[in-house]
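Hi,

Here is the structure I promised to pass on, and my notes follow below it.

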Amino acid sequence: MKPPQHTEPGVITLFRIIDPLAGACIFSILCFLYGVERFRYLNNSMFIFLTVVVVFTYYKVYRTWQIASLLNMVQKVIKACILVIMLFLSILYFLDVPGSVPREVYILWLSIWGVLIILFRLLYHWLVVNNIIHGMYIHNAIIYGINTATPNLINWIQNNSWYGINIKSIFLEKGNLKNFHGIPVLLADGVLPTYVAENNINIVYISQKDIDAAKIDQILKDLSDSTTAVFLVSDIFSQ
């Protein structure tokens, strides 16, 4: 069986390199312009690089691509930037590093770097939404089974069209239901792997009520020859 697919967009993975690198480079340039000794600002730049990597990863900044609200995304990035400067200055204090870097450098650095990475994300968001509107970056999805959380899942996908998910159909193991929330319903009956391959399905949501581990394992085995991402939609918190 293939390992779970990594679904993070490539641009977000690139941000993991750009964010700390941009922070370190901008700080070095400002220090150079202010006449700070080279060895000192190079050491500080290294600390900034590592601090950004740790804080942004721990604070889950690189999961903001999953957030529908631009305001919430920007707020999370701003808070992470503030945490970076606080942790960085704390490290310098506890290591008893002499304060040879002017205060203006830190203020300018945080302002320029913070605005820059936010602008990068706004540009990325605009490009993604614009491409989705024009029919690009669409992820075809199916839902396997129906539980109490399924309507919430469908509503979320339909209300966040910018995410680019198109639900093609819902699969049931039995029953006569032909339509659910405007989505056609089909019987699984062993046709799931063929349907996934022929319809370029990228995502499968398993939301069958009271499904057991053996059934989930069987679905994963059926889809093991595809690159489809599989998600389990539990109804335990849907009440």
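Trp109 is buried, at 0% relative accessibility, where buried means under 20% relative accessible area, exposed over 50%, and partly exposed in between (1.4 Å probe, protein chains only). Trp113 is likewise buried, its relative accessible area being 0%. Before I go on, please note that this is a predicted model, in which local features need pLDDT of at least 70, side-chain atom pairs count only at pLDDT 80 or more, and totals for chains, interfaces and linings use all residues. Residues are numbered from 1 along each chain as its sequence is written, and side-chain values use heavy atoms, with hydrogens and water left out.

Back to the two tryptophans. They sit four residues apart in helix 4, so about one helical turn separates them. (Helices are DSSP runs of H or I with at least four residues, strands are runs of E with at least two, and both are numbered from the N terminus.) Trp109 and Trp113 form a stacked aromatic pair, with 5.4 Å from centre to centre and 5 degrees between the planes. For the cut-offs: rings of Phe, Tyr and Trp (its six-membered ring) pair if their centres lie within 6.5 Å, and planes under 30 degrees apart count as stacked, over 60 as edge-to-face and the rest as tilted.

There are eleven aromatic pairs in the structure. Ring pairs also link Phe27, Phe56, Tyr62, Phe88, Tyr106, Trp109 and Trp113 into a cluster.

What does Trp113 touch, leaving aside its neighbours within four places in sequence? It is in contact (heavy atoms within 4.5 Å) with Asp19, Ala22, Gly23, Ile26, Val52, Phe56, Cys81 and Val84.

Two charges are worth a look too. Lys76 has its charged end over the ring of Tyr59, 4.3 Å from the ring centre, and Arg121 has its charged end over the ring of Phe15, at 4.7 Å. To count, NZ of Lys or CZ of Arg must be within 6 Å of the ring centre and within 35 degrees of the ring normal.

Strand 1 and strand 2 are parallel, over six bridges, and His139 has Ile165 of strand 2 as its bridge partner. Strand 1 (residues 139–144) also runs parallel to strand 5, joined by four bridges, with Tyr144 opposite Ile206.

Strand 5 (residues 203–206) points Ile203 and Tyr205 one way and Val204 and Ile206 the other, and all are buried. Four bridges pair strand 5 with strand 6 (residues 229–232) in the parallel sense, and Val204 is partnered by Val230 there. Together with helix 7 (residues 213–222), strand 5 and strand 6 make a right-handed β-α-β unit: with the strands pointing away from the viewer, the path from the first strand over the helix to the second runs clockwise.

Lastly, two backbone angles. Which way do the two loop residues face, towards solvent or away? His181, in the loop between strand 3 (179–180) and strand 4 (183–187), has a positive phi of about 55 degrees although it is not a glycine, and counts as partly exposed at 41% relative accessibility. Asn200, in the loop between helix 6 and strand 5, also has a positive phi, near 55 degrees, and is exposed at 52%.

Best wishes

Terms used: Pairing = 2+ DSSP bridges.
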